[in-house]
Amino acid sequence: MRYGRGKRVKGSWVFGGIQRESRKSFFRVVANRTKKELLALIREWILPGSTIISDCWRSYNCLSDEGYIHLRVNHSLTFKDPETGAHANSIEGTWSAIKRGLKNHTAHVEGQFDSYLAEYMWRRSNEHKMIDANFEDYIKAIASVYPPHE
């Protein structure tokens, strides 16, 4: 279900963010969308004092109290807040691109969704170019997470 209404949605919950100036992004699969779970990720990835633009999910209601500038967009009314100009187009567009990319993966392996997100973020940070230098950096990044056994 989305927002507790409608049909049940099968799959994983994903939480993410985009820094508009640099286009740096992060996406994580989350077990649930509770305040505790989401606030832990926000603290990990977003500096206090940053402006966060979100929908009106109640778990975000604490962000101003946590040292963030919090702007909300009520998608049931509009896609851009007429007073603040806040919108979530960047994250919505990126999420659409991720989902389109996932459709191209013919062998969805159960429990591998995190790896698809990681691949997308790496490709995005390298402007989706697979040149030799990028590929070498990709292999080094894999080796830093999964050191080769000797």
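This is a predicted model: local features need pLDDT of at least 70, side-chain atom pairs count only at pLDDT 80 or more; totals for chains, interfaces and linings use all residues.
A polar contact here is a pair of N or O atoms within 3.5 Å, where, within protein, one atom must be able to donate a hydrogen and the other to accept it.

**The overall layout**

The protein chain has 4 helices and 4 strands. Reading from the N terminus, the order is β-β-α-β-β-α-α-α. Of the 150 residues in the chain, 27% are buried. The exposed surface comes to about 11000 Å², with carbon and sulfur atoms supplying 52% of it. As for contacts with a separation of 6 or more, 29% of them join residues 24 or more positions apart.

In soluble globular proteins, nonpolar side chains tend to be buried together. In this model the largest nonpolar core holds 21 residues, and F15, I42, Y60 and L63 touch the most other members. Elements giving two or more residues to this core are β2 (25-30), α1, α2 (89-103) and α3 (113-125).

Setting aside neighbours within four places in sequence, I42 is in contact with F15, I52, Y60, L63 and Y68. I42 also has G16 at 8.9 Å, C-alpha to C-alpha, though 26 residues separate the two in sequence.

Y60 has its own set of partners: F15, L38, I42, S54, D55, H70 and R72, again leaving out residues up to four places away.

H70 lies in strand β4 (residues 69-72). Is H70 buried or exposed? It is buried, because its relative accessible area of 9% falls under 20%. The side chain of H70 makes a polar contact with the side chain of S54 at 2.7 Å. A polar atom of the H70 side chain also lies 3.4 Å from the backbone oxygen of Y60, a distance within the 3.5 Å cut-off. Counting contacts of every kind beyond four places in sequence, H70 touches I52, S54, Y60, L63 and S64.

**Charges and cysteines**

Side chains of opposite charge can pair when their charged atoms come close. The count here is 1 salt bridge: the side chains of R43 and E66 meet at 2.6 Å, N to O. This pair links distant parts of the chain, with R43 in helix α1 (residues 35-45) and E66 in the loop between β3 (51-54) and β4, 23 residues apart.

How many disulfides turn up in the whole structure? The search finds 0.

| Residue | Relative accessibility | Class |
|---|---|---|
| H70 | 9% | buried |

Definitions and conventions
Residues are numbered from 1 along each chain as its sequence is written. Side-chain values use heavy atoms; hydrogens and water are left out. Buried means under 20% relative accessible area, exposed over 50%, partly exposed in between (1.4 Å probe, protein chains only). Contact means heavy atoms within 4.5 Å. Accessible areas come from the Shrake-Rupley method with a 1.4 Å probe; for residues, only the protein chains shown count as cover. A salt bridge is a side-chain nitrogen of Lys or Arg within 4 Å of a carboxyl oxygen of Asp or Glu. A nonpolar core is a set of buried Ala, Val, Leu, Ile, Met, Phe, Trp, Tyr and Cys residues joined through side-chain atoms within 4.5 Å. A disulfide is a pair of cysteine sulfur atoms within 2.5 Å.
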